[in-house]
Amino acid sequence: MKLTRHNAIAANAASGMAVHDDCKLRFLELKAKRTHRFIIYKIEEKQKQVVVEKVGEPTQNYDDFTASLPPMNVAMLSPDTARIRSKMIYASSKDRFKRELDGIQVELQATDPTEMDLDVIKSRAY
């Protein structure tokens, strides 16, 4: 089989990014001790891993969470306008991330702000 650029990208993206140990630690703190209100993770393509972007303090709320997110046009949330390679990396990294952070019960994917409205989140979480 001839290895093309597309096949190489697909093979690299299929395994997903590594998950930094701090991601797991912060998730366990949130899950067991409720020491964080939220955690925002991001993919560091240069480091080839998922890292903690921000940890929300227990006093923070939904508005603080949404204000902490990058603009929707950044591939972090994998909008419909993201490059194919970014979408492939995001999808495979998300699967690996979910496996490594045991206990994620609800998944919400948002490609525009209306899909992550507080009422939408509440309806999925309860």
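Biologist: Which residues does Glu-29 touch, leaving aside those up to four places away in sequence?
Modeller: In this predicted model, Glu-29 touches Arg-34, Thr-35 and His-36 once residues up to four places away in sequence are left out, and Glu-29 itself has its place in helix α2, which covers residues 21-33.

Biologist: Why is Glu-29 called buried?
Modeller: The relative accessibility of Glu-29 is 18%, and buried means under 20%, so Glu-29 counts as buried.

Biologist: Where does Leu-118 lie, and how far is Leu-118 from Tyr-62 in sequence and in space?
Modeller: Leu-118 lies in helix α5, residues 118-125; Leu-118 and Tyr-62 are 56 residues apart in sequence, while their C-alpha atoms are 7.4 Å apart in space.

Biologist: Why are strands β1 and β3 said to pair?
Modeller: Two bridges join β1, residues 18-19, to β3, residues 49-55, and pairing requires at least two bridges, so the two strands pair; they run parallel, with Val-19 opposite Val-50 in β3.

Biologist: What makes β2 and β3 a pair as well?
Modeller: Six bridges link β2, residues 39-44, to β3 in the antiparallel sense, and because at least two are required, these strands pair. Ile-39 stands opposite Val-55 in β3, and in the hairpin of β2 and β3, with four residues between the strands, Lys-48 takes a positive phi near 55°.

Terms used. Residues numbered from 1 in each chain as written. Predicted model: local features only at pLDDT ≥ 70, side-chain atom pairs only at ≥ 80, totals over all residues. Heavy atoms only, no water. Buried < 20%, exposed > 50% of the residue type's maximum accessible area, 1.4 Å probe, protein only. Contact = heavy atoms within 4.5 Å.
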